[in-house]
Structure formats: C-alpha cells, structure tokens
Amino acid sequence: MKKLPCVCGVREVIPRTPSMTFEGKSDFLANIAEIHYASAAVRLLSALSIKSLPNNADRIFTGPPKKDCILVDFVRLQSQSLSHYIQAEHFSPPPHRDIWYNCEQHVHLEGCLVPELLFALALRNNVNLPSTDGLYTSVASYSAYLSRNDAFQDLDAFLSLYYTGLSVLQTQQDYHDLAMVYFRQAAQDNVRHAEVFFDPQAHTSRGVAYETILAGFKSACTEAQTHLGISSKLIMCFLRHVPAADAIEHYYTARPDLLNGSIAGIGLDSSEKGYPPELFQGVYALALKDEVRRTAHAGEEVGPHVVVSSLDKLHVERIDHGRTIPQDLELLSRMAREGIMVTLCPLSNLKLQGVKSIDQLPVRVFLDAGVKFSINCDDPAYFGGFILDNYCVVQEAFNLTAEDWRQICKASIEGSWCDGTRKRTLLEELEVVIDAFNKHSLEGVTGEDQLKDQASVR
Ligand SMILES: [Zn+2]
C-alpha cells in the first residue's frame with residue numbers, strides 16, 4: 001500500500017542507534033530512524049505539541065516491531081518530560097514477540113478499511129465522502145480523527161462512521177483489496193490462520209450483489225493462502241439492527257456456500273443494546289439444523305445475561321467479546337467447563353469506552369479460571385492497531401509469562417474452525433517456537449528478565 005506522505009500513527013519508534021538518548025523534541029525527531037504502526041503518530045505529534053510534520057516523515061510506515069526499538073506510550077508521554085520518558089522506556093522488543101504465534105477469530109474485513117484505502121476507493125469509484133466537519137478532507141484529517149482517544153463515545157458512534165465508509169466498496173476488486181489489507185498485515189504479525197467476518201447486509205442494502213462481495217473476499221483468501229501461507233475461513237455476520245427476516249433471507253441466499261464450506265459459519269454483530277439474541281433464534285435454528293458453525297457478539301456493551309442467551313437460545317459455539325462474563329461467576333465456570341472460547345478484542349474495548357484501561361479486561365481472570373480465549377483486533381483501521389498491537393498492550397498491562405502466552409496461543413488454535421490436520425500443524429509449529437524461546441532464555445538473558453528490567457525502571 002502507498003505510504004502516507006505524513007505521520008499518521010505510531011506505537012513504536014526506532015532510534016538511529018540503540019544506545020541513543022534524547023534531550024528534547026528537536027533531537028528526538030531528528031534522530032528517529034523509523035516509526036512503525038500507522039495508527040498513533042498523530043498522537044505522537046500531539047503529545048509533543050508539534051503542529052507541522054518532521055522532515056523524516058517519509059520514514060514512517062506500518063510494520064511489525066524490530067530490534068532496538070523504543071515503545072512509546074502516548075498517554076504517559078504526555079505526563080512526563082520527553083527525555084525522562086525516552087531514557088526510561090528504551091528497551092528491546094517485547095520478549096514474547098516470537099511466540100506470539102497466532103490465530104485470529106475476530107476481525108471484520110470491513111473494519112480493515114484503513115484511511116489510505118478509503119480515500120483511494122472513493123477516488124476509484126467516484127464516491128463523494130461527506131463534508132461533515134472537515135473529517136473527510138484528507139487522509140491526514142481522517143487519520144487524525146481516528147487516532148483520538150475520544151473518537152467514539154460508544155459502539156453506535158463508531159458504527160455510524162463505519163457504515164459511512166462502506167459506501168466506497170462497490171466492485172469485486174474493492175472487496176479483494178480490502179481483505180488483502182488485513183492479510184498482508186496479519187502475515188507481518190505472525191498470524192497463521194484467520195477467521196474473518198463480513199457483513200453482507202451492509203453492502204446488499206446499497207445495491208452491491210452478494211456474489212460480488214463473496215467473490216472478492218474469496219479471491220483474497222486464496223491469495224493469502226498461496227502467497228502468505230495464511231489459511232482462512234469466512235464467517236458471514238448478520239446485523240442486529242436490521243430486522244431478523246432480512247437475516248433469514250440472506251441465510252437462504254448464502255446457504256449453498258454455507259453448505260459447501262465456502263463460508264464457514266454465521267455470526268451476529270452491530271449494536272448490542274436493544275437487540276437481544278432472541279430476535280435471531282430463527283436464523284440460528286436454521287444454521288443448527290444445517291450443521292453450520294455459529295458464533296455471536298455478546299457481552300461487549302451489555303452484561304453477561306446476553307452471553308447466556310446466546311449460548312442457550314442461539315446455540316453458539318463461541319462468544320465474540322465476552323468482556324462482561326466474569327460478572328456472572330456461574331457463567332464464568334460454565335465457559336471453562338464447556339470449553340467455549342471467547343474472542344477478546346482489547347483495543348476495541350478501550351477505544352469504545354467499554355474499559356478505561358486494558359488491565360480492566362478479564363485476561364488474568366480467564367487464565368486463572370481456565371476459560372479459553374484468543375486476542376483479536378476487531379476493526380483495526382478504527383481502533384488503533386492490528387493483532388500485534390493488541391498483544392503488545394495486553395503484555396504491557398498484565399506482564400504475562402511465556403507459559404501464559406502458550407496457553408493463549410494454544411487456545412486460539414484449538415478454538416479455530418479449521419480441520420484437525422491444520423490444527424495439528426499449527427500446534428506443532430507453536431511448540432517449536434516456544435521450545436526455541438525457552439532454549440534461548442536458558443542460554444542468556446531471558447525474556448522474563450527483560451520484562452523485570454522494564455518494570456524496574458518504571
Ligand atoms: Zn466485532
């Protein structure tokens with residue numbers, strides 16, 4: 001993808017030399033070699049009170065962590081002097097990076113509509129984006145808005161922006177290009193198997209044919225398998241705010257693809273408040289009868305009773321989000337007992353104000369209770385990062401051990417809907433990277449030591 005001509009998002013800064021320290025703003029900017037992650041650089045500029053872009057802006061791009069980086073926490077940066085912050089925070093990449101070997105089960109392909117692609121497709125398809133408040137003036141203005149902590153007050157505020165953006169998606173090539181944004185980043189982030197959501201109703205309601213959407217996404221899945229080595233499954237979601245009869249109509253349209261495996265299963269997303277699972281019992285009953293896989297968003301904004309209803313009324317096999325599950329201890333133990341996986345989305349919950357900080361998420365609670373869960377990016381173009389960003393913030397908040405990560409990565413493989421052969425391959429590969437990590441830890445400075453060192457300077 002074309003690089004932005006401006007700074008637009010950073011989680012990570014690479015200095016020119018590993019031992020470099022910085023005295024002030026100008027030194028800092030002049031000595032940056034690379035800035036990674038196109039979701040927070042605007043926050044960097046804002047935190048430094050810098051209005052114009054630095055000369056080295058062309059070295060700012062999306063990408064995975066590298067050696068000798070400085071991880072920038074923008075919230076803390078705002079409350080500390082720059083030089084103090086930089087010296088304290090200078091450390092090597094997260095030590096568990098190599099064992100963050102993962103599967104992803106909760107990413108909406110439509111949520112991968114990054115600003116660059118949004119504007120490129122608007123141009124390609126002659127779509128006029130709204131002129132509201134200058135939001136869509138340029139890639140930079142739109143990116144700046146998305147990077148704000150208060151961009152969305154809740155799920156519905158996000159969905160309003162999300163549906164506006166979808167107007168640029170019109171042709172099979174558009175859908176292919178959109179999915180490839182995700183798969184390319186996923187490959188860089190060590191994703192080996194991805195189960196990706198799409199919302200046909202958000203497109204057919206605008207006159208785009210179901211066949212166009214599916215063909216574009218399917219060709220991207222094939223390309224991801226062939227060129228990136230990522231296996232994938234498509235999951236068709238129904239929109240809660242659309243009448244259930246429309247979901248049933250779409251189910252019958254997609255039924256041949258659901259039965260032949262072109263689509264692996266169904267899901268339920270969009271506004272949770274006011275649209276209980278019971279509304280969709282009919283379409284889920286059809287899927288159950290057809291032995292089609294079933295999942296649903298539940299417990300994102302609403303309490304655990306929605307999770308219980310999804311399990312009992314929709315007969316779902318896993319729960320998407322499930323953040324509020326620990327509020328019901330009986331449900332918590334049921335999730336562990338029945339081995340139902342939860343697909344947590346940390347940055348999504350933070351950005352949509354579900355939690356005030358990542359450490360409020362039930363990561364430790366789930367690990368201790370034996371609830372299987374995976375870590376996912378949800379709508380990465382809007383929530384501040386793809387899967388690796390989510391792994392990083394979880395590590396920063398919970399200081400997990402290698403064994404914790406093994407438990408998480410293993411659950412994410414076992415909870416996937418790929419076949420047994422693929423699962424065995426992925427589990428074997430996971431053991432190889434964990435063995436290599438443990439061997440390396442025994443030979444020298446351990447990952448745990450690096451984490452302790454980090455903690456001691458804070
Ligand atoms: Zn979601």
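Two strands pair if DSSP finds at least two bridges between them. The strands themselves (E, at least two residues) and the helices (H or I, at least four) are DSSP runs, numbered from the N terminus. With that in hand, look at Ile319, which stands opposite Val342 in β11.

Before going on, a word about the model. It is predicted, so local features need pLDDT of at least 70 and side-chain atom pairs count only at pLDDT 80 or more, while totals for chains, interfaces and linings use all residues. Residues are numbered from 1 along each chain as its sequence is written.

Now step back to the sheet. Eight strands form an open sheet in the order β5-β6-β7-β8-β9-β10-β11-β12, with parallel pairing. At its edges are β5 and β12 (373-375), each of which pairs on one side only. On average, neighbouring strands are turned by 25° against each other, direction ignored; here axes are lines fitted to C-alpha atoms, for helices over the stretch in contact, and angles run from 0 to 180 degrees between N-to-C directions.

Strand β7 (residues 231-239) runs parallel to strand β8 (residues 265-269), and five bridges join them. Here Ile235 stands opposite Gly265 in β8. Further on, β9 (residues 293-298) and β10 (residues 318-321) pair in the parallel sense over four bridges, and Ala298 has His321 in β10 as its bridge partner. Right-handed means that, with the strands pointing away from the viewer, the path from the first strand over the helix to the second runs clockwise. Next, β10 pairs with β11 (residues 341-344) in the parallel sense over three bridges. Together with helix α14 (residues 329-338), β10 and β11 make a right-handed β-α-β unit.

Helices meet too. The axes of α11 (residues 244-260) and α12 (residues 281-289) come within 8 Å and cross at roughly 25°. These helices are therefore roughly parallel to each other, a label for angles under 35 degrees. Ala244, Ala247, Ile248 and Tyr251 in α11 meet Gly282, Val283 and Leu286 in α12, where contact means C-beta atoms, placed from the backbone, within 7 Å.

Finally, find His106 in strand β5 (residues 102-108). The unreviewed UniProt entry annotates His106, His108, His297 and Asp378 as "binding site". They span 273 residues in sequence, yet no two of their C-alpha atoms are more than 11.8 Å apart, so they gather at one spot. Such annotations may be inferred rather than shown by experiment.

Definitions and conventions
Parallel < 35°, antiparallel > 145°, perpendicular 65-115°, else oblique. Contact = placed C-beta atoms within 7 Å.
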